[in-house]
Amino acid sequence: LHRWSEPGLRLASELYGAAELPIDVYMYLTPPHSRSYGLHSDVMDAWMVQVAGAKMWKVCDVRSFEHDDADEAALDGRCAEVTMRGGDVMYLPFATLHQASTSDE
């Protein structure tokens, strides 16, 4: 979706101009009852912007530099459940373990 979104491309361009750092914009149109990758981390800092609808996130206070599916049993109580709705913004630092899913909203 981000490849065909003029506002997304404009946002990336403006952020790059302001920060003078590489900026990538990824936009997803997520259907109901979907789940992202397993609990994982990304190789960059990320700002999550919920434009419409709702998405549930599991966000852990553990950083993992392995980036693939983490052992959820070993995280006993170190993760929070967060629901983002249209207009919400969340920052995830590099290597923060997270997972996203949607319901019927």
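## Overall layout

Helices (H or I, at least four residues) and strands (E, at least two) are DSSP runs, numbered from the N terminus. This is a predicted model, in which local features need pLDDT of at least 70, side-chain atom pairs count only at pLDDT 80 or more, and totals for chains, interfaces and linings use all residues. Residues are numbered from 1 along each chain as its sequence is written, and side-chain values use heavy atoms, with hydrogens and water left out.

The protein chain has one helix and five strands. Read in order, their pattern is α-β-β-β-β-β. Of its 105 residues, 27% are buried (under 20% relative accessible area; exposed means over 50%, and partly exposed lies in between, with a 1.4 Å probe and protein chains only).

## Confidence

The chain has an average pLDDT of 84 (the predictor's confidence in each residue, from 0 to 100). A score of at least 70 is reached by 89% of the residues. Among the elements, helix H1 (residues 6-19) has the lowest mean, 83. Strand E3 has the highest, 95. Where pLDDT is low, predicted coordinates should not be read in detail.

## The helix and a pair in space

Leu11 sits in helix H1. Leu11 is partly exposed, at 44% relative accessible area.

## The disulfide

Which cysteines are joined by a disulfide? Cys60 and Cys79 are, with 2.0 Å from S to S (the cut-off for two cysteine sulfur atoms is within 2.5 Å). The count for this model is one disulfide. The pair links distant parts of the chain: Cys60 is in strand E2 (residues 54-63), Cys79 is in strand E3 (residues 79-85), and 19 residues separate them. The link is right-handed, with 90 degrees about the S-S bond. In general, a disulfide is a covalent bond between the sulfur atoms of two cysteines.

Are the two ends buried or exposed? Cys60 has a relative accessibility of 4%, so this residue counts as buried. Cys79 has 27%, so this one is partly exposed. Strand E2 also holds Val62. Val62 is buried too, at 16% relative accessibility. The C-alpha atoms of Val62 and Arg78 are 7.1 Å apart, although 16 residues separate the two in sequence.

## The aromatic pair

The model has one aromatic pair (rings of Phe, Tyr and Trp, using the six-membered ring of Trp, with centres within 6.5 Å; planes under 30 degrees apart are stacked, over 60 edge-to-face, the rest tilted). The partners are Trp47 and Tyr91: their ring centres are 4.9 Å apart and their planes meet at 45 degrees, so the pair is tilted. Trp47 is in strand E1 (residues 46-49) and Tyr91 is in strand E4 (residues 89-92), so the pair ties together parts 44 residues apart in sequence.

Trp47 is exposed, at 60% relative accessible area. Tyr91 is partly exposed, at 36%.

## The nonpolar patch

Which residues form the nonpolar patch on the surface? They are Trp47, Val49, Val51, Val89 and Tyr91. Together they have about 570 Å² of accessible area (Shrake-Rupley method, 1.4 Å probe; for residues, only the protein chains shown count as cover). Patch residues have over 30% relative accessible area and no salt bridge; like charges are joined within 9 Å, nonpolar side chains (Val, Leu, Ile, Met, Phe, Trp, Tyr) within 5 Å. A salt bridge is a side-chain nitrogen of Lys or Arg within 4 Å of a carboxyl oxygen of Asp or Glu.

Strands E1 and E4 are the elements that give two or more residues to the patch. Val49 belongs to E1. Val49 is exposed, at 56% relative accessibility.
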